[in-house]
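Student: I would like to learn how to read salt bridges in a protein model. Can we work through one together?

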Amino acid sequence: MQNKLQSNQFENLELLAKQVVEGFILGLHKSPFHGFSVEFAEHRLYNSGDNLKHIDWKVFGRTDKLFIKKYEEETNLRCQLLIDCSSSMLHPKDAPVNKLQFSALAAASIITILKKQVDAVGLTTFDDEIHFHANAKSGTVHNKRLMATLENLLNYQIMDKKSNTVQIMHQIAENIHKRSMVIVFSDMFDSYANQHELFDALQHLKYNKHEVLLFHVQDKNQEVDFNFENRPLEFIDMETGEKIKLNSNQIKNSYQQRMKDYRNEIQLKCAQFGIDIIDANMNEGYEPILRSYLIKRNKMN
């Protein structure tokens, strides 16, 4: 791997995830992931005493009769985790934790939460193609298989692998046949030049009635703020191996503006589609970012 892990840093991923989760999930009164899985089932005639808010007024307008909407509460949540394993996710190479490790650790914590709730969880890892895919289900053997896959990501070191997040999201949208929560961990670098295709893929997931959470994983210090020494440097594209030599200050302002515009556009489109996007600055650590989001979500449910 480009960066050496501290000795025994991730010796037992499942135990580490349990410790993290127990630190903040016990204080929540209900699941931070529930709240979207109530689905319409059928109509029935209104009976005196029924709650008026469940009356289907559109049906009343057509039939002049009062009908109540009945809903089916699904007992288990289905969640599909998608993790971008392209080479750009191995950045930064000289840090204790890179973006891919950050994503794997956060995903392990989410699996632990869902395991406590006896919910179904699946996992997909990808770069320009899918390398591992397990549909959402529950069970000890299944969850251990997912954890083992995440542990392997902690030592992943393949270079020159591009990402195709757009294609993968389309595949997942077609592959998941039941309404699910889809959580994506990616730096979204492959989508900079094809934003319209990205938004089409997100819409595809939403059209199929999936809830989508996008963790936009970045190293804010270097990838957003472009903070480098003011001297000639060689920059290497981790996905293509392409190299360029320049003084960082020569392009810093224009780079920051283009990144700001790109991030603003993604956030705007996600707001329009009803998609939660979380700016996951890996410099802050995955625990506070995940904790902050879960607490916010719990208050909204």
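Student: Which side chain meets Arg-231 in a salt bridge?

Tutor: Keep the general idea in mind: a side-chain nitrogen of Lys or Arg must lie within 4 Å of a carboxyl oxygen of Asp or Glu. This is a predicted model. Here Arg-231 pairs with Glu-229, at 3.1 Å from N to O. Arg-231 is partly exposed, because its relative accessible area is 39%.

Student: How many salt bridges are there by this rule?

Tutor: The count is 5. Among them is the pair of Lys-99 and Asp-187, at 2.9 Å from N to O. This pair links distant parts of the chain, 88 residues apart. Lys-99 sits in helix α3, while Asp-187 sits in the loop between β6 and α6.

Student: Are Lys-99 and Asp-187 buried or exposed?

Tutor: Read burial from relative accessible area; buried means under 20%. Lys-99 and Asp-187 are both buried. Lys-99 has 0% relative accessibility, so it counts as buried.

Student: With which Glu does Lys-99 form a salt bridge?

Tutor: With Glu-223; the closest N and O atoms are 2.6 Å apart. Lys-99 lies in helix α3 and Glu-223 in helix α7, so the pair ties together parts 124 residues apart in sequence.

Student: Is Glu-223 buried or exposed?

Tutor: Glu-223 is buried, with a relative accessible area of 8%.

Terms used. Residues are numbered from 1 along each chain as its sequence is written. This is a predicted model: local features need pLDDT of at least 70, side-chain atom pairs count only at pLDDT 80 or more; totals for chains, interfaces and linings use all residues. Side-chain values use heavy atoms; hydrogens and water are left out. Helices (H or I, at least four residues) and strands (E, at least two) are DSSP runs, numbered from the N terminus. Buried means under 20% relative accessible area, exposed over 50%, partly exposed in between (1.4 Å probe, protein chains only).
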